[in-house]
Amino acid sequence: MAKILVIDDEEIVRQTIRQMLTRSGFEVEEAANGAAGLAAMRQRPADLVLTDIIMPEMEGVETVLTLRKEFPHIPVIAMSGGGRTGNFDFLATAEKVGAAKVLQKPFKRATLLEAIEACLR
Amino acid sequence: MVGQGVREAPISAFESASEASRARIARDPGDPRSLSSHAISAIAYRDVAELLGTVIDVVPANLAILDPDGTVTQVNDRWRRFALENGYDGADFGIGRNYLEICAAAPSVADPVPAIGERLKAVLEGRSQSFTDDYPCNSPSERRQFRMIAAAIHQRRGGGAIVMHFDVTGEHLAAGVLAAERELLSLVASDRPLDEVLLNLCESVETKTIGAICAVTVFESKAPSIRVVARPGFPDALRQLLDGRPLAGLECPCAEAACGNAEVLLADASIWGKWPRFQEAMLDAGYRACWSVPISSPDGKVMAVFEIYRPVDGSLDDRLTRFIRRAANIAGIAIDRKRAAETLRANEERLRAIASNIPGALYERIVRSDGKVEIVYLSDRYLELTGYTPEEARANPDRVLEEVLGKEGRQTLASMSKAAISTMSPVDLILPARKKSGEAIWIRTIARPRRVQEGTIAWDGVLLDVTAQHEAERQRELLEQQLMQSQKAEALGTLAGGIAHDINNTLVPIIGLTEMALEDAPADGELQSNLSGIMRAATRIQDLVRQILAFSRHDLPVREAVDLRETFGDSWRLLKPMIPATIRVDIDVGQEPLIAVVDATQMHQTIMNLLSNAVAAFEGASGTIEIRMSRAPSSPGSPLPAGLEARPYAILSVADSGKGIDPAVLGRIFDPFFTTKPVGEGTGLGLSVIQGIVRAHSGLITVESTLGKGTCFNVYLPLTGGAGDRKGDADRGPRSE
């Protein structure tokens with residue numbers, strides 16, 4: 001089964017997503033920020049990265065850019081609570097820098113699985 | 001006494017007197033060239049006679065001594081000279097002739113004999129001591145006045161008289177001139193028409209000279225041509241040469257006098273001179289001399305020329321010359337006064353024209369030390385501005401001012417004016433005012449103080465109707481306030497964005513974990529139902545966050561076809577806990593589905609706002625809120641409100657039995673930032689946002705309110721199946737039943 005790296009600064013969010021994915025048989029690895037996520041990828045690359053956009057340490061958009069550069073064949077899904085309606089449209093920016101899909105938080109499990117399956121297909 | 005033989009003169013008065021006395025001595029029988037007593041008395045008599053002859057020659061009068069029957073026995077030197085100068089008949093200068101006969105024959109005396117005959121007789125006969133009589137005695141060129149004094153004397157032959165004729169022309173003229181000057185001055189002072197004054201001047205001079213005619217050539221200030229003012233006898237030929245002609249290039253003495261501002265004497269027109277045409281016209285009209293005297297204004301500008309034309313050559317008598325100069329001065333005053341009056345009138349007209357063109361009322365207002373107010377000037381525009389005529393305002397300045405500005409405005413004006421006087425600086429105030437009709441306006445008054453005398457201040461000012469500008473200013477302030485509010489809203493939006501991010505992140509576990517817990521929970525159990533409740537609430541929070549973000553960023557609404565009754569139901573479930581127990585809520589949403597394409601979140605916002613307003617209307621008191629939802633009746637009997645198309649609408653009405661809305665503010669409740677709530681308790685945006693939402697849905701919101709009875713809001717929303725929708729839209733709606 002595919003391995004998915006979840007990068008989010010909120011532990012409870014990471015845990016929720018982990019549960020959602022493991023229930024469908026995905027292997028899940030977690031990282032608390034962009035830098036940690038990149039380090040994990042370099043050590044043992046995942047099949048797909050799910051990353052938050054607004055985070056401390058390495059910012060999400062930068063993370064997406066670096067991932068796309070270093071691992072051009074690994075799809076990245078960006079997610080954000082700020083979504084499309086804040087002062088800055090984070091998700092649109094993430095799409096522009098190469099995110100395969102974007103997700104507005106909060107989302108239902110079905111929505112998440114649908115996006116992942118579309119990327120891995 | 002005829003002119004012949006007169007040429008031998010002059011004869012010495014002394015000689016004639018001593019000859020006469022010698023003749024008498026010679027005839028004396030007691031004088032055979034001896035120094036007898038007779039001889040001595042004869043010598044004494046001769047001396048007296050000589051002395052008399054000397055005395056009568058120095059008397060400044062034409063003198064004659066008459067014997068008792070009126071025969072002239074002796075005349076003085078002056079008498080002889082007068083006779084010679086005036087061409088009297090006879091070589092004996094009247095000696096030996098009857099005095100009254102001589103007078104009757106005199107060509108220059110009108111008819112003195114009957115007047116003085118009896119009186120002279122009385123003197124000669126010793127019945128009367130003396131008499132005096134004034135009479136005119138003109139020469140061909142000059143008016144003269146003489147005074148006759150006859151006095152009784154005692155001679156050897158009995159009575160007799162001494163008759164003296166004094167030339168009092170100067171005295172007479174002086175009195176006449178004085179009277180004429182007085183008359184002229186009184187005409188000027190009583191502001192008689194200028195021409196009347198000038199004609200009077202001409203007449204005065206004409207009556208004091210013989211055969212003279214006068215004219216005044218006036219240079220009108222406006223017209224560049226000359227105007228001749230003269231009495232009817234003025235020769236047409238001369239008038240034609242002057243009247244209506246431009247001064248420049250005119251060849252005549254008066255033009256020279258005018259241009260040089262100096263008197264010009266044409267002593268004899270018959271001598272070839274500068275003005276041949278004019279001189280010829282003068283001679284044709286019978287005039288030989290012309291004297292022109294310029295009439296100047298006080299600042300030295302020639303305004304007219306006085307002219308006197310005489311049939312004889314030479315200059316005028318000094319006394320008359322002086323009179324004419326003085327009269328010219330008086331005429332100058334008259335012309336100057338007339339010009340000043342014309343200037344004043346022109347200035348007044350100009351002021352009136354300016355005042356009627358200025359978009360405001362001009363005024364001059366005087367405030368005396370005792371507080372008395374006088375409106376010296378108020379332009380006609382005051383009527384337009386306030387509805388009061390300037391006359392009304394001037395008659396009752398204080399009352400009208402108070403009626404226009406009100407007590408408060410008047411006091412404000414008074415205190416501002418008082419402050420301005422201390423520094424003599426202008427006042428510029430905008431005050432609310434009321435027209436006579438009751439119409440409310442805003443008046444701007446700009447006035448400058450001027451100290452007229454100690455304690456008295458004159459205010460020169462203008463009153464302007466600035467109602468429109470003031471309204472615009474108010475609108476601008478409102479816009480500024482709105483801008484400030486929108487900046488505040490933007491800041492709030494930024495804040496909301498930050499909060500939304502955190503809430504959304506928090507919702508990830510709530511929704512995600514609940515969802516998975518729901519999967520695990522036994523079906524139809526209590527746990528399942530509770531988790532579903534959490535799920536619904538979490539979804540609501542998610543919607544609310546989206547709504548907050550949408551509000552702060554004006555996102556495009558997400559519209560879908562829904563049954564409005566269900567949307568209402570969703571809102572109601574959230575709002576129900578907010579309603580205080582004192583308020584009863586009656587809900588009737590009917591049985592018929594009301595399918596409309598709406599943004600459900602915005603519908604929630606609308607319902608929430610209307611309901612919270614309804615609750616606020618009770619101000620803590622108890623009452624009832626009625627919520628009705630139905631299809632709008634669209635029969636001809638109950639037409640839809642104006643502004644709606646002919647199509648099916650749903651009506652949501654929220655009616656409360658609260659305090660109601662003051663009719664004065666009812667028209668403004670949809671204005672942005674209008675709120676009746678205290679500062680900090682309401683943004684005043686609620687209803688304006690609601691109206692925006694309803695309009696964006698092609699709907700309409702109306703309000704009816706009765707103070708003390710309550711308020712009802714009706715929201716009209718177009719139902720699907722209308723002209724603007726695709727057919728069958730309602731059936732395909734995801735939530736349709």
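Leaving aside its neighbours within four places in sequence, which residues is Ser417(B) in contact with? Select Ser417(B) and then Val427(B) and Trp459(B), which are the contacts in question. Bear in mind throughout that this is a predicted model. Ser417(B) is part of helix 14 of chain B. With a relative accessibility of 15%, Ser417(B) is classed as buried, because the cut-off for that class is under 20%.

**Chain B as a whole**

Select chain B next. Its secondary structure comprises 21 helices and 22 strands. Of its 737 residues, 42% are buried.

**The largest cavity**

Rolling a probe the size of a water molecule over the atoms shows where empty space is left. Here the count is four cavities of 30 Å³ or more. The largest cavity holds about 300 Å³ of space. To centre the view on it, select Tyr363(B), Arg365(B), Leu401(B), Leu413(B) and Leu463(B), the closest to its centre among the 21 residues of the lining.

Now colour the elements that give two or more residues to this lining: strand 11 (361-367), strand 12 (373-378), helix 14 (397-423), strand 13 (427-434), strand 14 (440-453) and strand 15 (456-465) of chain B. Helix 14 supplies the largest share, seven residues.

Move on to Met424(B), in the loop between helix 14 and strand 13 of chain B. Its phi is positive, near 50°, and the residue is not a glycine. Met424(B) is partly exposed, at 28% relative accessible area.

**The largest nonpolar core**

In soluble globular proteins, nonpolar side chains tend to be buried together. The largest such core in this model contains 38 residues. Select Leu564(B), Leu610(B), Leu611(B), Ile625(B), Leu652(B), Val654(B) and Phe713(B), which have the most contacts inside the core. At least two core residues come from each of helix 17 (564-575), strand 18 (595-598), helix 18 (600-616), strand 19 (623-631), strand 20 (649-656), helix 20 (686-696), strand 21 (700-706) and strand 22 (710-718) of chain B. Helix 18 gives the most, six residues.

Stay on Leu564(B) and show its surroundings. Neighbours within four places in sequence aside, Leu564(B) touches Leu594(B), Ala596(B), Val598(B), Met603(B), Met629(B), Ala650(B) and Leu717(B). For a second, separate core, of 34 residues, select Ala180(B), Leu184(B), Val216(B) and Ala327(B), which are among its members.

**Pro593(B) and its loop**

Go to Pro593(B), which sits in the loop between strand 17 (583-588) and strand 18 of chain B. Pro593(B) has a relative accessible area of 36% and is therefore partly exposed. Beyond its neighbours within four places in sequence, Pro593(B) is in contact with Asp563(B) and Arg565(B). Draw a C-alpha to C-alpha distance from Pro593(B) to Arg631(B): the two are 9.1 Å apart in space and 38 residues apart in sequence.

**Helix 20**

Select helix 20 of chain B and show its buried residues: Leu687(B), Ser688(B), Val689(B), Ile690(B), Gln691(B), Ile693(B) and Val694(B). After the helix comes Ser698(B), with a positive phi near 60°.

**Backbone exceptions**

Most residues other than glycine have a negative phi, and most peptide bonds are trans. Two further places to check remain.

- Asp191(B): this residue is not a glycine, yet its phi is positive, about 55°. Asp191(B) is in the loop between helix 6 (169-189) and helix 7 (194-208) of chain B. Its relative accessibility of 54% makes it exposed.
- Lys105(A) to Pro106(A): the peptide bond here is cis, with omega near -10°. Pro106(A) is in the loop between strand 5 (101-104) and helix 5 (109-120) of chain A.

Terms used: Residues numbered from 1 in each chain as written. Chains lettered and ligands numbered in written order. Predicted model: local features only at pLDDT ≥ 70, side-chain atom pairs only at ≥ 80, totals over all residues. Heavy atoms only, no water. Helix = DSSP H or I, 4+ residues; strand = E, 2+ residues; numbered from the N terminus. Buried < 20%, exposed > 50% of the residue type's maximum accessible area, 1.4 Å probe, protein only. Core = buried A, V, L, I, M, F, W, Y, C linked by side-chain atoms within 4.5 Å. Contact = heavy atoms within 4.5 Å. 1 Å grid on protein atoms, 1.4 Å probe; cavity = no way out; pocket = protein on both sides within 12 Å on 5 of 7 lines; lining within 4 Å. Points joined across faces, edges and corners; volume = space filled by probe spheres on them.
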